[in-house]
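Here are my notes on this one, as numbered points.

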Amino acid sequence: MTESASGGTSKAPADRGRTTIADGVVEKIAGLAAREVIGVHAMGNGGGISRTLGAVRDRVPGGTRASVSRGVKAEVGEVQTALDLEIVVDYGVSIRDVARAVRENVVSAVERMTGLEVVEVNIAVSDVKLPDEEDEEPESRLQ
């Protein structure tokens with residue numbers, strides 16, 4: 001800090017104040033980044049019925065959780081964050097490769113957008129989407 005002519009201290013504009021990032025912001029960024037990875041079928045609860053009910057709940061206005069952050073939990077500190085993700089993978093993919101790609105994409109997106117250091121990304125694979133399983137109803141068909 002330097003003394004100004006008026007007797008006060010002057011800081012660079014970028015140092016005046018502080019920025020906080022809510023857990024939900026990091027969860028949305030991580031959820032979108034995870035969904036970009038080929039082999040990730042869905043986020044959140046596995047199991048047909050619970051997955052379908054969760055998807056419908058997420059699409060209802062005023063629903064309990066935004067669908068982008070479903071299956072993601074973040075703990076955000078001042079300079080670091082840790083993430084837990086729950087994913088459903090497509091049958092036939094290498095779960096190890098998908099998990100590695102999810103980690104890389106999530107770390108890259110969160111660190112680039114927030115400036116936070118991602119200290120860990122824990123991934124729980126809760127289900128495998130089989131080719132003959134009915135898919136969830138597409139969003140465009142719900143009114």
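1. Start with Val-102. Setting aside residues up to four places away in sequence, Val-102 touches Ala-34, Val-37, Val-40, Leu-85 and Ile-123. Its place is in helix α3, and it counts as buried because its relative accessibility is 0%, under the 20% cut-off. Look at Ile-38 too: Val-102 and Ile-38 are 64 residues apart in sequence, yet 9.1 Å apart in space, C-alpha to C-alpha. Bear in mind throughout that this is a predicted model.

2. Now the overall layout. The protein has three helices and six strands, and along the sequence they run β-β-α-β-α-β-β-α-β. Of its 143 residues, 31% count as buried. Among contacts with a separation of 6 or more, 74% are between residues 24 or more positions apart.

3. Which residues have the most contacts inside the largest nonpolar core? They are Leu-83, Leu-85, Val-102, Val-106 and Val-110, in a core of 24 residues. The elements giving two or more residues to this core are α1, β3, β4, β5, α3 and β6 (117–129). Helix α3 gives the most, with six residues.

4. Neighbours within four places in sequence aside, Leu-85 is in contact with Ala-34, Met-43, Gly-71, Val-72, Val-102, Val-106, Val-121, Asn-122, Ile-123 and Ala-124. Val-102 and Val-106 in that list are also among the residues with the most contacts inside the core.

5. On to helix α1, residues 23–35. The buried residues of α1 are Val-26, Glu-27, Ile-29, Ala-30, Gly-31, Ala-33 and Ala-34. I'd flag Glu-27 as a charged residue on that buried list. What do the buried residues of α1 pack against? Their partners are β3 (40–43), β4 (72–76), β5 and α3 (95–114).

6. Thr-81 is in strand β5, which covers residues 80–90. Is Thr-81 buried or exposed? At 1% relative accessibility, Thr-81 counts as buried. Leaving out neighbours within four places in sequence, its contacts are Val-26, Ala-74, Glu-75, Val-76, Val-110, Leu-116, Glu-117, Val-118, Val-119 and Glu-120. One of these, Val-26, is a buried residue of α1.

7. Asp-90 also lies in strand β5, but here the relative accessibility is 26%, so Asp-90 counts as partly exposed. Beyond residues up to four places away in sequence, Asp-90 touches Gly-39, Val-40, His-41, Val-128 and Lys-129. Asp-90 and Asp-127 are 37 residues apart in sequence and 8.7 Å apart in space, C-alpha to C-alpha.

8. Last, a pocket. The second largest pocket has a volume of about 160 Å³. Its lining consists of Arg-18, Thr-19, Thr-20, Ile-21, Val-76, Gly-77, Glu-78 and Leu-116, which divide into three nonpolar, three polar and two charged residues. Val-76 and Leu-116 from this lining are also in contact with Thr-81.

Conventions: Residues numbered from 1 in each chain as written. Predicted model: local features only at pLDDT ≥ 70, side-chain atom pairs only at ≥ 80, totals over all residues. Heavy atoms only, no water. Helix = DSSP H or I, 4+ residues; strand = E, 2+ residues; numbered from the N terminus. Buried < 20%, exposed > 50% of the residue type's maximum accessible area, 1.4 Å probe, protein only. Contact = heavy atoms within 4.5 Å. 1 Å grid on protein atoms, 1.4 Å probe; cavity = no way out; pocket = protein on both sides within 12 Å on 5 of 7 lines; lining within 4 Å. Points joined across faces, edges and corners; volume = space filled by probe spheres on them. Expected span 1.5 Å × (residues − 1). Core = buried A, V, L, I, M, F, W, Y, C linked by side-chain atoms within 4.5 Å.
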